[in-house]
Amino acid sequence: SAIVTKAIDTPLTLARGALIVQLALALLSLIVLKRYPFLRPRVSERSRVPLVSLISSLGLVLGLAPVANDLGVRFAEALHQSPDNMAWVSQIVQNASLREFALLALVLTLMPAFVEEFLFRGVLTGALLGAPHWLTLGLQALAFGAFHVDPAQGIATFILGLGFGFVRLRTGALTAAILSHATYNGIVLASMRFTRPQAASTSTHQGLGLVLGGMLMSVVCILGLLNGNRRRIEGTR
């Protein structure tokens with residue numbers, strides 16, 4: 001998701017700020033690829049991903065979402081940060097006209113999914129290919145979390161980055177990671193649009209059942225991706 005500040009108080013300025021960030025990331029990706037052309041074929045090893053792998057990838061990320069969000073909230077509380085920042089963004093999204101909301105959907109949902117995945121799971125992960133998978137997975141997720149600057153949001157996006165990175169490594173393509181990222185962003189944006197912002201005093205912890213259910217779904221989807229990857233390898237022999 002795009003980095004915003006409280007100086008942004010209208011849908012159009014929010015969209016403009018998000019667009020600037022995404023264009024800067026896209027430019028950075030192009031500069032790196034031009035400087036290091038050997039990375040180009042590593043950005044995406046495969047272009048076709050089986051439907052079952054796409055579904056498993058989506059399930060993995062959506063399963064991680066409650067865990068990531070809950071850890072982010074708890075970390076914010078531990079740092080004594082105000083939890084009303086998301087409520088502030090939600091209010092901007094809710095007050096947007098239909099045309100403005102469509103613009104926000106583009107720059108807060110679709111663009112980050114393509115641009116951020118291309119940079120972090122494409123260029124950065126491609127540069128790390130050949131290293132142990134656990135190291136590649138951890139470093140790209142750490143960079144993804146650090147990009148979001150805010151410590152609490154960084155914790156949440158680090159967890160999600162692990163999911164996106166695992167999907168990228170197991171499918172060998174950006175397709176599933178982009179789809180999962182866009183779907184997650186879309187759900188977050190829709191929840192901002194159609195639910196009331198929570199007050200700072202209101203608990204935003206995820207329910208225990210939701211967290212445990214999400215973890216279980218993630219484990220099942222991880223096993224599905226591992227099994228699909230094993231079949232893909234055997235099929236190429």
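This is a predicted model: local features need pLDDT of at least 70, side-chain atom pairs count only at pLDDT 80 or more; totals for chains, interfaces and linings use all residues.

Guide: A residue is called buried when its relative accessible area is under 20%, exposed when it is over 50%, and partly exposed in between, with a 1.4 Å probe and protein chains only. Residues are numbered from 1 along each chain as its sequence is written, and side-chain values use heavy atoms, leaving out hydrogens and water.

The setting may be given briefly. The protein chain contains eight helices and zero strands (DSSP runs numbered from the N terminus: H or I of at least four residues for helices, E of at least two for strands). Of its 237 residues, 43% count as buried.

The aromatic partners come next. Four aromatic pairs are found in the whole structure; rings of Phe, Tyr and Trp (its six-membered ring) pair if their centres lie within 6.5 Å, and planes under 30 degrees apart are stacked, over 60 edge-to-face and the rest tilted. One of these pairs joins Phe-120 to Phe-144 edge-to-face, with 5.3 Å from centre to centre and 70 degrees between the planes. Phe-120 belongs to helix 4 (residues 98-128) and Phe-144 to helix 5, so that this pair links distant parts of the chain, 24 residues apart. With 6% relative accessibility, Phe-120 also counts as buried.

Phe-144 has a further edge-to-face partner in Phe-164, at 6.1 Å centre to centre and with 75 degrees between the planes. Because Phe-144 lies in helix 5 and Phe-164 in helix 6, the pair ties together parts that are 20 residues apart in sequence. Phe-164 is buried, as is Phe-144. Together with Phe-147, the residues Phe-120, Phe-144 and Phe-164 make up one aromatic cluster.

The helices behind the second pair can now be described. Helix 5 (residues 133-147) and helix 6 (residues 151-171) have axes that come within 8 Å and cross at roughly 140 degrees; such axes are lines fitted to C-alpha atoms, for helices over the stretch in contact, and angles run from 0 to 180 degrees between N-to-C directions. Helix 5 is therefore oblique to helix 6, a class for what remains after roughly parallel (under 35 degrees), roughly antiparallel (over 145) and roughly perpendicular (65 to 115). The crossing of these two helices is right-handed, that is, the near helix is turned clockwise from the far one by less than a right angle, anticlockwise being left-handed.

Contact means heavy atoms within 4.5 Å. Helix 5 contributes residues including His-133, Leu-137, Ala-141 and Phe-144 to the contact, and helix 6 contributes, among them, Phe-158, Leu-162, Phe-164 and Arg-170. By class, this contact of helix 5 with helix 6 holds nine nonpolar, nine polar and one charged residues (nonpolar: Ala, Val, Leu, Ile, Met, Phe, Trp, Tyr, Cys and Pro; charged: Asp, Glu, Lys and Arg; polar: the others, Gly among them). Gly-138 and Gly-145 of helix 5 take part in it, as do Gly-154, Gly-161 and Gly-165 of helix 6.
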